[in-house]
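I opened a new notebook page for this structure. The entries below follow the order in which I looked things up.

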Amino acid sequence: MTYAHDIHPAPTTFLTKYVFSYDHKVIAKQFLWYGIFFLGIGGMMALLIRWTLAFPGEPFPVIGPILFPHTNGVVPPDTYSMLFTLHGTIMIFFAITPILIGAFGNYCIPLMIGARDMAFPLLNLLSFHIAVLSAVLMLASLFLPLGGAAGGWTSYPTLSTLIGSPGAGQTLWCLSLFVLGVSSTMGAINYITTIIAFRAPGMGYFDMPLTIWGLWLTAILNALFIPVLGAGLLLLVFDRVFGTTFFLAGAAATTGGGDPILFQHVFWIFGHPEVYILILPAWGMVSDFLSFFSRKPAFAAKATALSMTAITVLSTLVYGHHMFTTQMSPLLTQTFMTLTMTISIPSAIFFANWLGTLWRGSISFDTPMIFALGVVFVFGLGGLTGLYLGAATTDFYLHDTYFVVGHFHYTMAASVLLGGFAGIYFWFPKMFGRMMNETLGKIHFWITMIGLNGVFFGMLVVGYAGMHRRLYNPFVYEFMQNLIPLNTFITWSALLMGFGQLPFLFNFIYSLWKGPIAVENPWQVGTLEWTLPSPPKTHNFDTIPTVKCGPHEFGNPLLKTGRDFQYQTEELVR
Amino acid sequence: MALMMQQFNFFLSQILFSQINVSEAPSIWSAFKRPIDISTYGHLSDWLFDYITVSITISFIFVCAGLFGFCYYYSAKRNKVPYYTYGYKKAHLKITLLIGLVVFFAIDSMIAGIANKDIKEVFWKFPTADENPLHVEIMAQQWMWNFRYEGSDKEFNTDDDITTNHILYVPKGRKIEYRVSSKDVIHSFYIPFIRNKVDAIPGRVTRLWVELTKTGTYDIGCAEMCGTAHYKMGAKLVVMEIEDFEKWQASANVLAKNGSDPSTVENYWGWKWEKQ
Ligand SMILES: [Cu+2]
Ligand SMILES: [Cu+2]
């Protein structure tokens with residue numbers, strides 16, 4: 001069954017138009033700004049962390065003395081813990097989630113499936129404003145007497161209980177993420193419903209662009225597993241505030257006895273799917289962009305969609321690979337290990353499909369495309385290095401080392417970030433009605449690519465050499481003396497990557513006002529959003545389109561329209 | 001107390017006299033190697049690591065060949081007319097499924113099989129009583145490692161237990177079983193030189209066994225984030241020949257017995273060693 005919204009009059013006041021807007025396109029932009037803002041903050045934190053690792057005891061240049069006046073600009077050890085805790089938290093929940101899911105989910109879903117808005121516009125509005133509340137709580141936690149949370153983004157008890165973190169910052173951190181979970185759940189329910197109920201007439205599930213597939217599967221995982229995290233965090237808050245002992249044990253628990261490992265189970269039941277929550281939208285976009293810019297149909301698109309679905313299902317069954325060193329029973333260890341390895345089947349399938357899409361294409365290297373190709377490269381590295389960590393024999397050595405840090409940055413940071421940039425460059429003309437600069441885009445790509453590989457490959461190497469995680473000064477250990485030069489190299493790469501974002505920032509802001517006016521369909525693509533003017537009207541579609549073919553109809557030799565592609569509203573030419 | 005002082009002095013001398021050679025700056029490439037392996041099973045980890053490296057390098061070469069090769073040969077400049085597939089082809093689905101299965105059976109199931117075997121036959125095969133393993137209890141705390149050896153009565157948590165901190169004395173060529181717990185937060189007992197670690201969890205006792213093959217002094221680290229001074233929660237592993245170890249044990253035993261003070265309850269942090 002399909003539904004369609006009525007056409008409502010466009011809002012007229014500033015508040016209803018830009019702040020409390022029900023329009024999914026405005027909410028998408030709000031999430032985009034929010035995400036880019038936190039990307040900047042999280043990135044700055046990364047640079048502070050990297051500086052400390054390469055130059056222990058030396059003041060951070062320029063802003064160091066302002067931030068840490070008591071130590072003349074040197075990052076103090078307790079602040080260092082807060083920095084890596086908040087870097088992880090902010091990047092995952094306040095930068096990647098809002099950009100990939102909040103911005104692109106909101107922007108693309110109604111436009112690409114031919115709907116006038118989300119199923120529940122009020123829920124959508126609330127979802128953004130609750131996310132703002134969550135960010136306020138998170139930032140406020142930094143200004144509390146004992147500072148912000150410092151137990152790592154995983155916040156394992158008992159470190160995250162009063163035993164290890166007496167300050168209220170940790171409580172506020174938990175509450176902030178709980179509130180954010182409410183926002184994400186609202187968004188997820190909205191996305192799922194919209195995709196099921198509001199697809200344009202004629203659009204079957206396999207006629208949806210793969211971007212929508214990715215966002216849909218992400219929303220399903222979000223709806224299922226964010227509440228699990230919320231439950232865990234709430235229990236943690238109870239332990240901290242009301243004196244319960246869900247996660248306390250041993251000498252530290254004065255009454256009763258819980259189990260700190262229980263939290264790890266709860267956390268990773270959420271935490272492993274979270275990786276896919278972040279990466280699925282990027283996979284979807286990449287699958288689409290590779291086809292769009294190769295000017296040929298996506299290779300075995302059905303298999304791509306189904307293997308993404310298979311990964312979604314499998315992702316719920318493998319979380320134990322994060323806990324091998326807690327010494328689960330051998331049976332559990334072996335089960336989780338074997339299940340983890342099965343993920344390679346669907347992964348190999350869509351990798352093959354990506355390459356199959358490029359095969360015999362006519363590839364043009366516009367900025368969104370080179371970013372999409374970048375995702376294939378870095379996700380290849382990220383996915384493959386997961387094998388070392390899925391096998392217990394090698395994980396016993398590599399767990400909690402920089403090898404893990406390098407691996408998940410390749411998958412969660414590098415791939416998702418490049419995917420996000422690809423999306424921004426691709427939909428910017430539709431969102432803002434102007435084009436971004438191609439040259440600056442390419443400079444941005446190459447600097448980012450060189451920088452991030454320097455950083456994350458370097459991390460893999462120092463992890464292989466045994467350097468463990470979350471060390472304020474690794475070089476107090478004798479066996480890591482030889483890692484100083486490589487750590488310095490990683491830091492320079494990180495600085496390069498950081499500065500590489502300046503061309504993007506400039507390009508983005510400059511093009512908002514001064515970029516060349518975008519035509520309706522600059523990339524010559526047939527999905528529904530490109531049938532609309534750039535930017536689209538408030539109600540998107542004057543008449544709801546009827547879908548007659550798939551999203552990847554390129555290069556059909558029988559086409560007589562003078563175009564090399566078909567709009568999804570056109571009957572497939574055979 | 002005397003024993004504690006003695007150890008503290010030893011620890012200091014370790015730090016002061018095993019000077020790191022700073023005059024010669026290490027090259028960036030010196031990071032591309034693992035620490036040496038001083039255990040009987042470390043080579044399993046190293047071997048599997050190298051095996052995976054070879055497998056994924058081959059896979060990644062295929063990916064890169066496709067990625068860069070197709071980008072080169074099928075760029076819009078070279079290939080003006082793309083290939084049109086007329087909808088979804090069954091053959092494509094089959095090819096892609098085949099690739100998925102080949103990768104799984106040729107790479108992943110092999111790795112899973114090897115790792116499963118290692119767990120069953122090595123890492124979880126704890127030494128039996130007739131192998132006469134050395135028993136050590138380890139209590140982690142913010143930010144220190146406490147070690148406890150049973151005394152001549154072969155019982156833990158009695159007056160003649162040898163306790164040390166910061167330094168773990170062990171023999172070469174004899175199996176050692178560690179039982180690990182924590183007083184406060186989760187730590188992780190990590191010895192890079194044996195390619196192994198196990199978490200120290202409050203309220204639980206985890207186990208790790210090892211047999212060492214080289215004498216010398218090596219780093220022990222805490223791998224799990226445990227608070228502000230997590231980064232310096234190290235200790236030293238001192239591996240000695242069996243005879244030297246037994247000499248040390250005997251003298252430390254005497255010292256322990258003489259220096260024990262039953263009124264200091266916190267010295268009795270050990271627990272009964274149970275058969276498992
Ligand atoms: Cu995982
Ligand atoms: Cu520790």
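What is the geometry of the site of the copper ion (ligand 2)? I looked at the angles among the four donor atoms and found 88 to 122°, so the site is tetrahedral. Four donors count as tetrahedral if all angles lie between 85 and 135 degrees. For comparison, I noted that the ideal angle for four tetrahedral donors is 109.5 degrees.

Ground rules. This is a predicted model, in which local features need pLDDT of at least 70 and side-chain atom pairs count only at pLDDT 80 or more, while totals for chains, interfaces and linings use all residues. Residues are numbered from 1 along each chain as its sequence is written, chains are lettered from A and ligands numbered from 1 in the order in which they are written, and side-chain values use heavy atoms, with hydrogens and water left out.

Entry on ligand 2. I listed its protein donors: B:His187 (ND1), B:Cys222 (SG), B:Cys226 (SG) and B:Met233 (SD). They lie 2.0 to 2.4 Å from the copper ion. Donors here are N, O and S atoms within 2.8 Å of the metal (3.2 Å for Na, K and Ca); water is not among the atoms, so sites may look incomplete. The spacing of the donor residues in sequence is H-x34-C-x3-C-x6-M. B:His187 sits in strand S6 of chain B and B:Cys226 in the loop between S9 and S10, so I logged a link between distant parts of the chain, 39 residues apart. Helices (H or I, at least four residues) and strands (E, at least two) are DSSP runs, numbered from the N terminus. B:His187 and B:Cys226 are both buried, meaning under 20% relative accessible area with a 1.4 Å probe, protein chains only.

Entry on the sheet. I traced an open sheet of five strands in chain B, in the order S4-S10-S9-S6-S7, with mixed pairing. Two strands pair if DSSP finds at least two bridges between them. Strand S4 (167-171) and strand S7 (196-200) are the edges, each pairing on one side only. Strands S6 (187-191) and S9 (216-222) run antiparallel and are joined by two bridges. B:Phe189 has B:Cys222 in S9 as its bridge partner. Helix H4 (242-259) lies across S4 and S10 (235-240), at about 130° to S4. Axes are lines fitted to C-alpha atoms, for helices over the stretch in contact, and angles run from 0 to 180 degrees between N-to-C directions.

Entry on ligand 1. Which residues hold this copper ion as protein donors? I found A:His272 (ND1), A:His321 (NE2) and A:His322 (NE2), at 1.7 to 2.0 Å. A:His272 lies in helix H8 (260-294) and A:His321 in the loop between helices H9 (301-314) and H10 (330-342), so the pair ties together parts that are 49 residues apart in sequence. Both A:His272 and A:His321 are buried.

Entry on A:His444. I placed A:His444 in helix H15 (438-464) of chain A. Buried or exposed? A:His444 is buried, with a relative accessible area of 0%. Its contacts (heavy atoms within 4.5 Å), not counting residues up to four places away in sequence, include A:Phe371, A:Tyr425 and A:Gln501.

Entry on A:Gln327. This residue is in the loop between H9 and H10 of chain A. What does A:Gln327 touch? Not counting residues up to four places away in sequence, I found B:Trp124, B:Phe126, B:Val198, B:Thr206 and B:Arg207.

Terms used
Buried means under 20% relative accessible area, exposed over 50%, partly exposed in between (1.4 Å probe, protein chains only). Four donors count as tetrahedral if all angles lie between 85 and 135 degrees; four count as square planar and six as octahedral if opposite donors are over 155 degrees apart and all others between 65 and 115; anything else is irregular.
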